[in-house]
Amino acid sequence: MRRTLIRYKAKPEMAEKNAELVSAVFAELKAANPDGVRYLTLRLEDDTFIHMVETVAEDGSSPIPKLAAFQAFQDGIRDRCAEPPQVRSAVIVGNYRMLDEP
């Protein structure tokens, strides 16, 4: 299982557009209902977005990048950002009822 955390700050004038694109990804995920992936996105009050992706594939591969909505989200992401995306591996240190237990 691999967990990845992606963090970036959207430009204030682009934050709503970014949130709409993220919502479209979740709508497509719900419709496709792929196995082996869990995904969470948070938006902080300063328009920082935090994405947490968990995949069961050992190589970390995910069905998310194949989604049309995700490809639309990726298109122009750097133009929407005041701070570019930072991608990091993440390890859960503690979890109380926020995430499903494997």
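Student: How many residues apart are F70 and F73 in helix α2?

Tutor: F70 and F73 sit 3 residues apart in helix α2, so about one helical turn separates them. (Helices are DSSP runs of H or I with at least four residues, strands runs of E with at least two, numbered from the N terminus.) Quick caveats: residues count from 1 along each chain as its sequence is written, and the model is predicted, with local features needing pLDDT of at least 70, side-chain atom pairs 80 or more, and totals for chains, interfaces and linings using all residues. Side-chain values rest on heavy atoms, without hydrogens or water.

There are 3 aromatic pairs, meaning Phe, Tyr or Trp (six-membered) rings with centres within 6.5 Å; planes under 30 degrees apart are stacked, over 60 edge-to-face, the rest tilted. One of them is Y8 with F49, stacked at 5.6 Å centre to centre and 10 degrees between the planes. That pair bridges strands β1 and β3, 41 residues apart. Y8 and F49 are both buried, at 2% relative accessibility (buried is under 20%, exposed over 50%, partly exposed in between; 1.4 Å probe, protein chains only).

F70 is buried at 14%, and F73 is buried at 4%.

H51, in strand β3, touches residues including Y8 and F73 (heavy atoms within 4.5 Å; residues up to four places away in sequence aren't counted). H51 is itself buried, at 3%.
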